[in-house]
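Morning, everyone. Please have the sequence and the structure open.

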Amino acid sequence: MGTAQIRCEVAAPSKLARPAGDRVKTDARDALQLAKLLRNDDIISVRVPTITQEAARDLVRAREDVRGDLMRARHRVSKLLLRHGHVYYGGATRSAKHHARLHRIQFDELGTRCAYEADLEAIEFAVARRDRLDRLITRMAADSEFTDVTRRLCCLRGISTLTGFALAVEIGDWQRFNGPSIGAYLGLVPSEHSSGQSRRQGGITKTGNSHARRLLIEAARHHKPRYTVGAVLRARWEQAPEAARVRAHVGNTRLNQRWASYTRRHKKNTVANTAIARELAGWCWSPAVLE
């Protein structure tokens with residue numbers, strides 16, 4: 001309610017119901033339509049983030065942009081090398097060994113050599129930017145209004161400090177969701193086109209926050225191996241309340257069992273991983289809202 005006791009809502013234009021055949025748009029008609037929707041509680045409100053939350057999101061999304069830049073720069077280097085017959089068989093391509101090999105490669109042609117050096121330089125700059133942003137995010141995650149939620153989320157497998165902080169700032173107010181609804185909010189539920197006795201489901205809707213959805217998809221893969229509480233996970237548990245630790249342990253066990261079930265049923269890996277990510281969203285919500 002505003003100061004004049006008038007109900008105020010911030011509405012999402014994309015969520016407002018409008019007749020398909022309505023081709024006349026005026027301020028008066030829009031005001032009347034909004035008043036009718038508000039009276040019938042058909043307006044979906046938008047939560048406006050605070051200045052602090054918006055600033056934290058800017059930092060997290062800047063890191064996301066750098067991740068994309070680094071990936072593209074690495075792809076350019078690998079494809080240039082592949083075109084010239086340089087194939088690497090020495091294991092992981094993110095190791096110090098591979099990095100040293102890249103700097104040992106020389107090209108005779110001036111144009112190719114300059115292009116290769118420019119792409120390597122782009123990788124170096126992107127790595128430096130990423131590491132600097134990682135340090136800033138780690139520092140903010142340790143001392144900010146998002147610290148408590150971040151530590152609770154980090155009790156789950158696959159969620160590091162960077163991932164937990166990103167989820168905390170992207171979701172914001174966890175209280176507005178419940179276990180099933182947060183998966184729908186993040187676009188992790190199947191699309192559906194059913195009528196009568198026919199029920200047809202398709203791929204996930206991919207609505208909502210794409211950054212948070214990607215983080216959950218990546219975190220879901222970590223629940224496939226056998227569940228053990230190692231030194232890293234135990235150190236994260238020590239920073240969180242006991243209730244969050246207990247809840248996360250139940251979630252970790254459950255998600256690992258779900259992965260095993262999908263494997264026994266020979267589910268396609270991408271389908272199983274998405275299903276785990278959808279359930280993981282609910283398990284993130286559970287410790288985040290614990291009192």
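I'll start with D41, which sits in the loop between α1 (27-39) and α2 (51-83). Keep in mind that this is a predicted model. As background, most residues other than glycine have a negative phi. Is D41 buried or exposed? Its relative accessibility is 54%, and the cut-off for exposed is over 50%, so D41 counts as exposed.

The other position on my list is H266. You will find H266 in the loop that runs between α10 (242-264) and α11 (269-288). H266 is not a glycine either, and its phi is positive, about 60°. With a relative accessibility of 72%, H266 counts as exposed.

Now the cysteines. How many disulfides does the model have? The count is 0, where a disulfide would need two cysteine sulfur atoms within 2.5 Å. Take C154, which is in no disulfide: the nearest cysteine sulfur belongs to C155 and is 7.5 Å away.

What about burial of the cysteines? C154 has a relative accessibility of 5%, under the 20% cut-off, and therefore counts as buried. C8, on the other hand, is at 56% and counts as exposed.

That's what I have on these residues.

Key. Residues numbered from 1 in each chain as written. Predicted model: local features only at pLDDT ≥ 70, side-chain atom pairs only at ≥ 80, totals over all residues. Heavy atoms only, no water. Helix = DSSP H or I, 4+ residues; strand = E, 2+ residues; numbered from the N terminus. Buried < 20%, exposed > 50% of the residue type's maximum accessible area, 1.4 Å probe, protein only.
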